Structure formats: structure tokens, C-alpha cells
Amino acid sequence: MKFSGLRAYAFLYLVFLYAPIALLPVFAFNDGTVIAFPLKGFTLKWFAQLFENETLAGALTNSLIVAFSTSVLATTLGIFAARSATRYNYPGKAGAMGLIMLPLVLPEIIVAVSLLVVLLAAGVPLSILTVILGHVLVATPYAIAVLNAAFSSLDRSLEEAAYDLGETKWSTFRLIILPLVTPGIISSALMAFTISLDEFIIAFFLAGEQTTLPTYIYSQLRFPKQIPMIMALGTVLVVCSVMLLATAEYFRRRGIAKTGAKDTGGFL
Amino acid sequence: MTQNVITAKVPLEQRRKMIEFDRVHKYYGDYHALRGITATIREGEFFSLLGPSGCGKTTLLRTIAGFEDISSGSVLIDGKHMEDVPPNKRPTNMVFQSYAIFPHLSVGQNVGFGLRRDPRSEAEKAKAVEEALEMVGLKGYGARAAHALSGGQRQRVALARALILKPKVLLLDEPLSALDKKIREQMQIELIKLQREVGITFVLVTHDQEEALVMSDRIAVMFEGEIAQLADPETLYRRPASRRVADFIGVMNFLPAKVLGEGNGHVQLEVAGLGQVDVTDEQASAKPQGGEPAVGFRPETLTILYEGQTAQDRESPGVIDEVVYYGDMTYYDVKLDGVETPVRISMRNVFGRPVLDVGTQTRVAWSPGALVLFR
Amino acid sequence: MSASPIRRWARSEAASGWFMVSPTLIYAMLLLAAPLATIFAYSFFKDGYLVVIHEFTTQNYIDAWSDPIFRTILFRSVLVSALVTLVTVLLAFPIAYFISFVVPASNKSRWLFLITIPFWTSYLIRVFQWKVILNFNGVINSTLQGLGIIDSPLQMLNSIGAIAITLAHAYAPFAILPIFVSLEKIDRSLLEAGQDLGESKLMTFWRVTLPLAMPGVIGAVMIVFIPTIGDYVTPELIGGGKLPMVANMIQKDMLKIDNKPLGAAVAVSAMFVVAAVSLLFLFLNRRFLKVGK
């Protein structure tokens, strides 16, 4: 074949990308406390341990609360910003959008540290609420990126037509724009949810005494005895996020089909 | 089809003023998009805004709809000032260039979209939708998905959706430009019929001069944010107010001319290739436009004389420089004696009369009455 | 008769745009701009053991920069980031090229999906898996020993190379996507024109494809370089805490030692170094960016 070299490379690259993840179930089902070859035998006890772990359940509950709130807030803020960015031109727009999108290129440690300093100075007690504040900040730019694509594939004359046919600006938004960008909103919400669920640094700095799933995982990684259970947890998480992603992708494609635009590829 | 009372009986100049532009200016930052537009559009008129892209015609249309604020001046619809009236409160509806059919709604929901706030019962509204669809020739299409329609069908849905609200003015932004030639020509005729039937004032934006000539009662030709000429199609074609208008509408030949003298309603000219000619003041462009004076004439006002034929009025000798055969017509480019630039002559092909060859010495018949003087 | 200036402005595009963006913008101002400004201010305040004294000083910067440990850590951070960026982008380019030029159009989004999936699974666990792979008794060592290729295990963890490969894995999709986008934008007839004008395939790639793909490559470099320099987890887990990077130092100053002004000065210094390196890189590649626009 003509590009066989390139094809072989692509295959090797996928192996590189997937190797760490492929190893998760291998050790999650391995009946041995040491994470090494050769394997010992099949067991489900790590999963059993996982589901009995109450600290983990607490961390998971916290994480789900944080991720859900982040998802709603970041998507709402994202809708405002994406709508503004795709529909209007105004002086200062580049600056405003630049600030909002800044967390994309800012090391998360900086976001975390600066928020921490301000929250402590303002006397705000650290909790999962402060984690939500930080997560919304970093998830919003991703939400905007997804929503921008949804909003910019809208023909502007659609809303002018509704306005022209007697609707107000608000009812136009409700009757025309919202239904057409709904798939984008769903995939933005799923993305913000996933980002928040996986975010470590900000949660590490801002959660105070409380734990989220990543900070819990981080704390357990120091104890070799706990590693097999973490492998089981990782396996569960991989399955969940693949399902979530597939849903997001499904809605993104449906959105493209609905507005009759062309598919320009993944999460760009 | 029944003719509406207004469009059938009342002469244009006696009808109510429907749209009045008074010294309308529009700036986008430093860009001066509309430069003092003053014009009146009458009730039941089919009015076209014609011009090249960027001339301000669409902007002007959108000031009627309310999508563009004007920087100064005033726009009145049916005698009422519109400056503070938003698009949803204006008695106008628009057919968009892209048709703007709502892709998530059915054809019927699209057409009935503007009736949401209508106090009538659902059954009456459904009947109105059915009637509107019938009017545009889409009877029974109500339940179909809008995104599955063809271009021509989308256009009809857009028309029905706008007309169902019985606006005082229907605005059409290049409604035919996305259609292919055959459907476009068919839709032109249908639009004229529809307009006569409903008697609503239509304002059409187009860059296609043929479309404007075919459809309009009157046409405003626009260049660079100004109306260069506002006239009925025939006047526009026969007596263009400037060389630029003449160039934009159809083909016009120009020959340099010298003014020898004027008076008594006539101008005496010495025209290259044609010799001494007298034209009336009506044939001369009203205001001087700068540049060298020239006379213009349409290709069909000239005739190539075959052997044995004589001119009814005047004739000039020349040589055929180029021949383009179109089937029903032949275009000849003829170099008149003493003129370097050839003039274009269009001749209807008649059975039994041969198409002439390049290089043929010939005589061209013309009439001073068909000339226009630009000075 | 024209609308009053205020009503007219309220209806203008600029007003609508600002109004629409304001909730998001206010949020970013309060929780991003203000905290960043605070950090900047803190870096010029005095530390009074657990409290911050609001008095202007440049002592924090002098302390930070005269500390050889800080200089070593900062240098290591830049070095690791640069290495990670180089490795990531070099590895990513052929994949982006493969998806853009070899994969049929109908399969492209499937490939992109395939590449983004690992990115969406727990970052911590992904990083830790590299420890599992590279460990003393990890996957590679136990496999090699099992096969009898080596007698004693190789020491791979706690090295800059291990940190680099872990981060290169973590940031792979960030590098692939921008390069893919710029490759997709290339008009395919340009490449045919290049070959038609007698260039070999390799020369066409060198003279046409690569320069046109440069905006994407530059984007990839920026998007990998900037966040990796602030990575906290990998130096802790893979470097075993023995090769700290700047994020680890900021964390230590801020939380463990609780010298906030010094931590702030370190953070601000790190941001300036990142910005300076990034701007230098952009400046060196400015001609490609002009072509790109």
C-alpha cells in the first residue's frame, strides 16, 4: 500500500495512546496486590472493595454535585458569551473574549493559586462551592468553543425572519435559536461535566477539608495496597466517560444534521 | 387570476404614498452606505432597487424592514414615522435571500409562524395556512419537513409565510438569485401575477437588470449609496440618465460627439462615424456629467442594410469586425468609417437571409430619434 | 424626527453585544482578572509570617531569583516543557497528516474521536499508569526480565525523560487537533500544482505543505508548552517528588511554608517566563503566521 509506513505509524501511535488505559482492566481483574506481570489470576474483589468504600462514595457524591453545577453554570455562561461572539460586533470584543478564554492557555496552578489567595483574603470558607467557582472558570472556555460552532452555523436571517414575523427578541431566541442550538448545548454541558469530574489541581487547592473524586484518587495513590482498587475505579471511569463522550458526539452530529451544515470533524 | 382593485384601476401617481424616504443617510463607522435617499413608493406598486453589489440597495431595503437604523433623515410607511418602530411592529414582511425557512419546523408551521399572536381560533389559523399554501401553489405540503424542500419550494414557503400576515409592504431581498435560470424565469411571472392579485406593495432588491425590467412598475437604479435614476422600465432603458445607468442596463454603444450649437429645443451635434445630427432636448441627459460628450444608442436601434435595402432615415458606412451567432439573433460588431471602436448591432435572424461574414463592407441604418446625448 | 441617542445606543449592535457577554465577562472579571491582579499585587507585598503586610517591596523577587533552587526549578520546568512540546508535536504531526491526507473524508471524524477518547479519561490515573508501565517492577521491566532480555530492572522513573513521555501522552490530542485543522485548510490543488510544476513529493511537502501547516504547528506548540510548564501531578507521581517543577514550588510556598508574597512572586515570575518564551517563539515564526492569515 502507498502510505503503509504512515499507516503503521498511526497504528503504533494508537497503541501508545491506549496502552495506559488498556492496562487498567488488566490489573483491575488481577488477583494480586502488586501491579506487575506476570498476572496472578482473575478476581472481582477490587470492584467489591470499590463499591463498599464509603469515603469514595462521599468523594464521588461531591464530585457529581460539583460537576453538575459546573456543567449548568459553564454552559449558561457559555451561551451568553458564544451568542455575543457569533452574533454581534462591538469594540472591545476581542479583549472581552480574550479574558474569558484565558483559562485555556493559563496553567491551572495559576488559576488555582490566585483564586485561593482571593478567597482566603475575602474570608470565604473553602468547600466544594469554591471548587465549583474555579471549575466554572476553566470549563466555560470549552463550553464556548462547542457553542460557538453551534451558534455560528445558524443563518442570521432565521432570527431576522422571526423578528420580522412579529416575535420579540426574547421569543425569537426561545422559538428559533434555542431549539436549533440544543444539541450544541447538550454536548457543551456534557463536556463541562467531564472536565469538572476529572479536574484535580483546582479541587486540590480549593476544596478545603472536602474531597472530590480526583483528590481522593490522588490521596490513595501513595498507598500501594490501594492501587488495585484504583485500577478498578479507573476501569469504571473509562467506561463511563466513553459512554458520555459517545452521547456528546451523537448530539453534536444531530445538531449538524438539523441545521443542514457540513460536518467539520470532532471537538474543535 | 383576479386582479386587485388598486393594481388594476388606479394610476400610479394617484395612489396613496406607501413608503417615503426623505434624505436618508446611513453610516457604518466612516463608511457612508446611504447618501441622502429621497424617494416615494406608491400603494400596490412593484418597485425594484437595482444596482451592483455594495451599492446600498439591500441596506435601503433593510431600513424599511427595520433591521437597519438610519443615521439621519426619515422613513415613513403609510404616513407613519418608523424610526422608533422595531421590525416586529412594522407593517412589512420580508422574503430573505436565503429564504430563512426554519429548519426544525414543518412547512405548515413555517407558514403559520407569524400567526402565533393572532387571536383567531386554531381552526381558522389552519385554514389561513392552507389558503396561503394554495396561493403559492403548495397545496397539501403543510405537513412536510421544511428542510427537505427544493429551492423553488422554499421560496414559495417564504412568500406564503410573509403574505399570510397581509403586510402593507412585502420586501424581497434577491429572492430569485439562488434559483436556476428556468425556475427563475417562471417565478418572475408568478411573482408579478401574485402581486397583482394581492395588491400589496412589493419592494424587490436585485442586481439582475433583466429581472428588474421584467417585473417592476418602477425601478430605482443605485450606485454608491445614491439613486442614480428612478423611472419606469421603458424610460430607464430608452432614456438612461447617465452613461453609468446606460452601461448597467443592457448594452449601449457610445460614440464621441461635439456640440455645434443649441437652441429651440434642439442640440446640433457632430458625431464620429454618424456625421451631423440634430437631437431634441428630451434626448439629452439633464445635467452635465463631466467628461467628453457622447451619444449612446442600443444595439437593436441599428440595422444592417442588405443589398437593395434603403434606410428609412439615415445611414452610415462601415465594415463588419466580429460576428456572434445566437440562434434567434446575431450580434455584429461594426466599425463605422472613421471610428476605431466598433459598435454592436443586434439583428433578428430571418429565414432565408444569410449571416454576414467578418470583413463585409456594409451600410448601417439608424435614426436620430433613438440617440441619447450624454454630456 | 429620529430616535433619542440613548434609545438608539440601547438598540445598537455594540450595546446588544456587551449586554449579552456581560454575565460571562463579569464572572471572568471577578474570578479571573481580579485574582490575577491580586497575585500580582501580593508579589510586591511583605510577608509577615502568616499575614501579609501591605507595603511595597521588590524583596520577594530578589529572594526568589537569588535562590539557586528556584532558578534550577524554573530552568528544569522550561526544559521539560520544551522537551515535552518537541516530542509531542513531532509525534503528533504524522498522525494529523495521516488523518487529513490518507484517511477518507467519511472516516475522519471517527479517527479524531478515537484520538480524543483517552484524553477524556481520568488524568490522574493516566499519569499513574505511566508509573505502572515504567516502574522498577512495572510492565516494561517485568516483561523484559520475563523474556530474559535484561537481568536487573532498568531505572526509568524519577527522570526527566519519564516526565516528558507522560506529559507527551497527556497532551497528544492538544497537538494533533490544531495541526489537523491547518492541514485540512490546505487547498489540495496547491499540492497538485506543486507536483505539476515538477517538484518531487518530498519537495512539495517541504515547500508547500509544511509552510501552510505552520500556523497549526505553532498553535500546537503554544497549547502544549504553556500548560505543561505548570503541571503539578506528573513531577509528583512520575518524578517521585525529586524533580519538582514550578507548580510544585508554588504549591509549597503558598501552602506548606505559607509565604504568600514569595509564592506570588514565583507564580508571577513563572508567568512572565512562559509569556516571554512564547512571545519569542511567535516572533521567530512570525512569517508563517502572516501567511496563515
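User: How much area is buried between chain A and chain C?
Analyst: About 7500 Å² is buried between chain A and chain C. Carbon and sulfur atoms give 80% of that area. Keep in mind that this is a predicted model.

User: How many salt bridges and polar contacts cross between chain A and chain C?
Analyst: The rule finds zero salt bridges between chain A and chain C. Polar contacts do turn up: ten residue pairs across that interface, both residues at pLDDT 80 or more.

User: Switching to annotations. What does UniProt list for residues 60-248 of chain A?
Analyst: The UniProt entry, which is unreviewed, lists "domain: ABC transmembrane type-1" there. In the model, residues 60-248 of chain A are 80% helix and 0% strand. The end C-alpha atoms of that span are 22 Å apart.

User: Where does UniProt place that feature in chain C?
Analyst: An unreviewed UniProt entry places "domain: ABC transmembrane type-1" at residues 74-283 of chain C. That span is 78% helix and 0% strand. Its end C-alpha atoms lie 22 Å apart.

User: Which residues of chain C does the "transmembrane region" annotation cover?
Analyst: UniProt (unreviewed entry) gives several stretches, including 73-99 and 111-128 of chain C. Residues 73-99 of chain C are 100% helix, with end C-alpha atoms 38 Å apart. Residues 111-128 of chain C are 67% helix and 0% strand, with end C-alpha atoms 26 Å apart.

User: What domains does the assignment give for chain C?
Analyst: Domain 1 covers residues 1-42, and domain 2 covers 60-292. Their C-alpha centres lie 35 Å apart. The contact takes four residues from domain 1 of chain C and eight from domain 2 of chain C.

User: How much area do those two domains of chain C bury?
Analyst: About 460 Å² is buried between domain 1 and domain 2 of chain C, and carbon and sulfur atoms give 83% of it. I39(C), F40(C) and Y42(C) supply 90% of what domain 1 buries against domain 2.

User: How many salt bridges and polar contacts are there between the two domains of chain C?
Analyst: Zero salt bridges. The rule also finds zero residue pairs in polar contact there, with both residues at pLDDT 80 or more. On the side of domain 1 of chain C that touches domain 2, there are four nonpolar, no polar and no charged residues.

User: Last one, chain B. What is its domain assignment?
Analyst: Chain B has domain 1 at 5-238 and domain 2 at 251-374. The C-alpha centres of these two domains of chain B lie 39 Å apart. UniProt's annotation "domain: ABC transporter", from an unreviewed entry, covers residues 19-249 of chain B. Over that span chain B is 34% helix and 27% strand.

Conventions:
Residues are numbered from 1 along each chain as its sequence is written. Chains are lettered from A and ligands numbered from 1 in the order in which they are written. This is a predicted model: local features need pLDDT of at least 70, side-chain atom pairs count only at pLDDT 80 or more; totals for chains, interfaces and linings use all residues. Side-chain values use heavy atoms; hydrogens and water are left out. UniProt positions are given in the numbering used here, feature names are shortened, and annotations may be inferred rather than shown by experiment. Helices (H or I, at least four residues) and strands (E, at least two) are DSSP runs, numbered from the N terminus. Buried area is the accessible area (1.4 Å probe) that two parts lose on being put together, summed over both. A salt bridge is a side-chain nitrogen of Lys or Arg within 4 Å of a carboxyl oxygen of Asp or Glu. A polar contact is a pair of N or O atoms within 3.5 Å; within protein, one must be able to donate a hydrogen and the other to accept it, and residues adjacent in sequence count only if both atoms are side-chain atoms. Domain bounds come from an automatic or database domain assignment. Contact means heavy atoms within 4.5 Å. Ala, Val, Leu, Ile, Met, Phe, Trp, Tyr, Cys and Pro count as nonpolar, Asp, Glu, Lys and Arg as charged, and the others, Gly among them, as polar.
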